[in-house]
Amino acid sequence: MLNVLYFASFREVLGQAEEQLAAEYQTVNELLEALAQRGETWQQALRDNQNLQIAVNHDVAQRETTIKAGDEIAFFPPVTGG
Amino acid sequence: MAQYPFIQVQAEDFDLSTEVAKLREGHKDIGAVVSFVGTVRDINEGDEVSILELEHYPGMTEKALENIRLEAHKRWHLESSKIIHRIGKMYPCEQIVLVAVSSRHRENAFHAAHFIMDYLKTNAPFWKKETLPDGSERWVDARISDKEAEKRWAE
């Protein structure tokens, strides 16, 4: 399984903070394509969003980053701390 | 004695003097301590702000902050450093972040504190949400100027 997390405005727009998905994707990009099938909200917030930030197992990742069962993949907007 | 925590992510406020004293403890060769305290403003983009709420990514936040701290230690000769970032609800004038760095020489300490703060702004997973006086809420957008500030440290 993959543990997928959504933070900040993504959590609100997508209506969830976390979900488990079958580990049937090789890359973050494949996962994003699958999530985009859920509809326009998902496409806009994630797949088509040029400002999308990605982390895999707590490390900054890219769309090309490979993923495997047991990974934690997080999606979030640009950070604004400090 | 518990190990001194170099990174703290917490809802509670902090005391600058206490933190700097702890940072200096056991270090007799310190010539400089530079500390930065970020505070909550009551205005943003021309609007009055009543409440600022900070969300973060538990686990990744600590890792990101520690990486930034270690990078500062790689770049400058530092004796010690400390980062505290608050989460949850805060009000104008409250303290939100502390970066404190000690070194033998002030130049290193100034640079390192500046670097840590600039990197934290763009690399640590914290998100700000503002509540305006009418009760409406909005997420704070990342600033291009923060990204530009980070770039100045590129080698």
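# Report on a predicted two-chain model

Strand β2 (residues 32–39) of chain B and strand β8(B) are paired in the antiparallel sense over eight bridges. Strands here are DSSP runs of E of at least two residues, helices are runs of H or I of at least four residues, and both are numbered from the N terminus. Two strands count as paired if DSSP finds at least two bridges between them. This is a predicted model, in which local features need pLDDT of at least 70 and side-chain atom pairs count only at pLDDT 80 or more, while totals for chains, interfaces and linings use all residues. Residues are numbered from 1 along each chain as its sequence is written, chains are lettered from A and ligands numbered from 1 in the order in which they are written, and side-chain values use heavy atoms, with hydrogens and water left out.

Strand β8 covers residues 95–103 of chain B, and nine of its nine residues are buried. Buried means under 20% relative accessible area, exposed means over 50%, and partly exposed lies in between, with a 1.4 Å probe and protein chains only. Strands of a sheet pair through backbone hydrogen bonds, either parallel or antiparallel.

## An open sheet in chain B

Four strands of chain B form an open sheet in the order β7-β5-β9-β10, with antiparallel pairing. Strands β7 (88–90) and β10 (137–139) of chain B stand at the edges with a single partner strand each, so one side of each is left without a neighbour in the sheet. From one strand to the next, the twist averages 25°; the axes are lines fitted to C-alpha atoms, for helices over the stretch in contact, and angles run from 0 to 180 degrees between N-to-C directions. Strand β9 (residues 126–131) of chain B is joined to β10(B) by three bridges, and these strands run antiparallel. Within this pairing, E130(B) has R138(B) of β10(B) as its bridge partner.

## Nonpolar cores

A nonpolar core is a set of buried Ala, Val, Leu, Ile, Met, Phe, Trp, Tyr and Cys residues joined through side-chain atoms within 4.5 Å. The largest such core has 30 residues, and those with the most contacts inside it are L65(B), V101(B), F115(B) and I116(B). Two or more residues each come from β1 (7–10), β2, β5 (51–56), α2 (60–75), β8 and α3 (106–123) of chain B. The most is given by α3(B), with eight residues. Not counting residues up to four places away in sequence, F115(B) touches I68(B), E71(B), A72(B), R75(B), W76(B) and W153(B); contact means heavy atoms within 4.5 Å. Apart from this core lies another, of 21 residues, including L31(A), L35(A), A45(A) and F75(A).

## The two chains

Chain B holds four helices and ten strands, and from the N terminus on its elements run β-α-β-β-β-β-α-β-β-β-α-β-β-α. Its radius of gyration is 16 Å, close to the 15 Å that the globule rule gives for 155 residues, so chain B is as compact as a globular protein of that length. The radius is taken over C-alpha atoms, and the globule rule is 2.2 Å times the number of residues to the power 0.38.

Chain A has three helices and five strands, in the order β-α-β-α-α-β-β-β from the N terminus on. A compact globule of 82 residues would have a radius of gyration near 12 Å, and the 12 Å of chain A agrees.

The accessible areas in the table come from the Shrake-Rupley method with a 1.4 Å probe; for residues, only the protein chains shown count as cover.

| Chain | Accessible surface | Share from carbon and sulfur atoms |
|---|---|---|
| Chain B | about 8,200 Å² | 50% |
| Chain A | about 4,000 Å² | 42% |

Buried residues make up 48% of the 155 residues in chain B, and 48% of the 82 residues of chain A count as buried. Among contacts between residues at least 6 apart in sequence, 75% in chain B join residues at least 24 apart; for chain A the corresponding share is 49%. Along the principal axes, the C-alpha atoms fill a box of roughly 50 × 35 × 25 Å in chain B and one of roughly 30 × 30 × 20 Å in chain A.

## An exposed loop residue

E45(B) is found in the loop between β3 (43–44) and β4 (47–48) of chain B. This residue is exposed, with a relative accessible area of 61%. The C-alpha atoms of E45(B) and V140(B) are separated by 9.7 Å, and the two residues are 95 residues apart along the chain.
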